[in-house]
Amino acid sequence: MALFDAVRGLELDVESFATERREAAVSSDFTRVTTTVVLRGGGETGRGEDVTYQAEAHDGYPVFEERGRMTLEEYSGRLAPYELEDYRRWGFESAALDLALRQNGLSLGRAVRREYRPVRFVVSTRLEIRPWLDLYPALEFKLDPVSKWSEEHMREIAATGRVHVLDLKGQYHGTVVDQPPDPKLYRSVVEIFPDVIIEDAALTDETREALLGAEDRLSWDAPIHSAVDIEERAPRFVNIKPSRFGAVERLLDAIDYCEANGITMYGGGQFELGVGRQQIQALASLFYADAPNDVAPAEYNEGLPRPGLPTSPLPPREGPGF
């Protein structure tokens, strides 16, 4: 049975709608803002997180007028006229899924008949990793190589044996994290990190040549919004970021496709500030718990290395909801 078939008919009763704005100063030039979508009904509350990156987009939030009893599939259908971007739509859809599960006394795992497992996580950072390893020697990482990295620096990082994903950011355009195609960088990544997953390379004639021999290590993140996007690229690895799919059905169909075609999934985050972080961890726990999941607890995004942070693997979740 397809995963979405297990939840499409779940009924939810929406009595009220509200939003909760969250923000955190990430750096001197970037304040992360997200909006929690809150749906209430039948004495239960469902929450989902809109992770749209533009802070101004969280002002004057649209009001969802739909109320009453409906199935999860019907709720998703009622969102269509609002023409929501995927990040925002995910906030509504994940809140509806959370509410439907709670009103039916279910966890997502019970609904789809999967067991929650301990979640392996990696830490995504643009800081030096040695201070982290001094405190947590077993910590694993996902890093963003840039052209200014020297080969010596890369060899020092590789020698730790703790890096499992390198994100080349070649599929981002017009953002602060853009990394233009750099055949020299790509060639160094292939040679110095022979076992690491290589994510979101920009494919040009020059970079394809630099990536020769590493084709089976390529993974995709930014271009992935549906099972069709995965099928077109036929990768061995794929980064599953639920908010990129927008709809619960598209997300679960993509997971079905990967499982049916032997594609290794690992979870990814969007600097969630609220419930969205727990939800991406729950999905990892159910579907790709042993992968190098970029779903580290939010504390890792909230300051410099320090003692007392949760360590990998995270314990399985308990209780109803998403």
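**Aromatic pairs, pockets and cavities in a predicted model**

Leaving aside neighbours within four places in sequence, Gln279 is in contact (heavy atoms within 4.5 Å) with Arg47, Gly48, Ser94, Asp98 and Phe322. The structure is a predicted model, in which local features need pLDDT of at least 70 and side-chain atom pairs count only at pLDDT 80 or more, while totals for chains, interfaces and linings use all residues. Residues are numbered from 1 along each chain as its sequence is written, and side-chain values use heavy atoms, with hydrogens and water left out.

Gln279 belongs to helix α11; helices (H or I, at least four residues) and strands (E, at least two) are DSSP runs, numbered from the N terminus. With a relative accessibility of 1%, Gln279 counts as buried; buried means under 20% relative accessible area, exposed over 50% and partly exposed in between, with a 1.4 Å probe and protein chains only.

Turning to the aromatic residues, 10 aromatic pairs are found in the structure. Here rings of Phe, Tyr and Trp (its six-membered ring) pair if their centres lie within 6.5 Å, and planes under 30 degrees apart count as stacked, over 60 as edge-to-face and the rest as tilted. Among the pairs is that of Trp90 and Phe322, which is edge-to-face because the ring centres are 6.1 Å apart and the planes stand at 85°. This pair links distant parts of the chain, 232 residues apart: Trp90 is in helix α2 (residues 86-103) and Phe322 in the segment after α11 (275-287). Trp90 counts as buried at 5% relative accessibility, and Phe322 counts as buried at 4%. Elsewhere, a cluster of Phe17, Tyr61, Phe64, Tyr75, Tyr82 and Phe92 is linked by ring pairs.

Charges also sit over rings, a term used if NZ of Lys or CZ of Arg is within 6 Å of the ring centre and within 35 degrees of the ring normal. The charged end of Arg32 is placed over the ring of Tyr53, 3.9 Å from the centre of that ring. Likewise, Arg233 lies over the face of Trp220, at 6.0 Å from the ring centre.

Grid points are joined across faces, edges and corners, and a volume is the space filled by probe spheres set on the points. The largest pocket holds about 1,600 Å³ of space. Its lining has 49 residues, and Phe30, Tyr53, Arg126, Val177 and Phe271 lie nearest the centre of the pocket. At least two lining residues of this pocket come from each of β2 (16-27), α2 and β6 (123-125), with β2 giving the largest share, 4 residues. By class, the lining of the largest pocket has 20 nonpolar, 13 polar and 16 charged residues, where Ala, Val, Leu, Ile, Met, Phe, Trp, Tyr, Cys and Pro count as nonpolar, Asp, Glu, Lys and Arg as charged, and the others, Gly among them, as polar.

The whole structure contains 2 cavities of 30 Å³ or more. The largest cavity, of about 70 Å³, is lined by residues including Trp90, Glu272, Gln279 and Leu283. Helix α11 gives the most to the lining of this cavity, with 4 residues, and the lining divides into 5 nonpolar, 3 polar and 2 charged residues. The second largest cavity has about 30 Å³ of space, and both Trp90 and Phe322 are among the residues that line it. For this second cavity, the largest share of the lining is the 3 residues from α10, and the classes are 8 nonpolar, no polar and no charged.

Finally, some backbone features deserve a look. Most residues other than glycine have a negative phi, and most peptide bonds are trans. The peptide bond from Ser312 to Pro313 is cis, with omega near 0°, and Pro313 is in the segment after α11. Arg113, in the loop between α3 (108-112) and β6, has a positive phi near 60° and is exposed, with a relative accessible area of 75%. Lys169 also has a positive phi, about 55°, but this residue is buried, with a relative accessible area of 11%.

Note on methods
1 Å grid on protein atoms, 1.4 Å probe; cavity = no way out; pocket = protein on both sides within 12 Å on 5 of 7 lines; lining within 4 Å.
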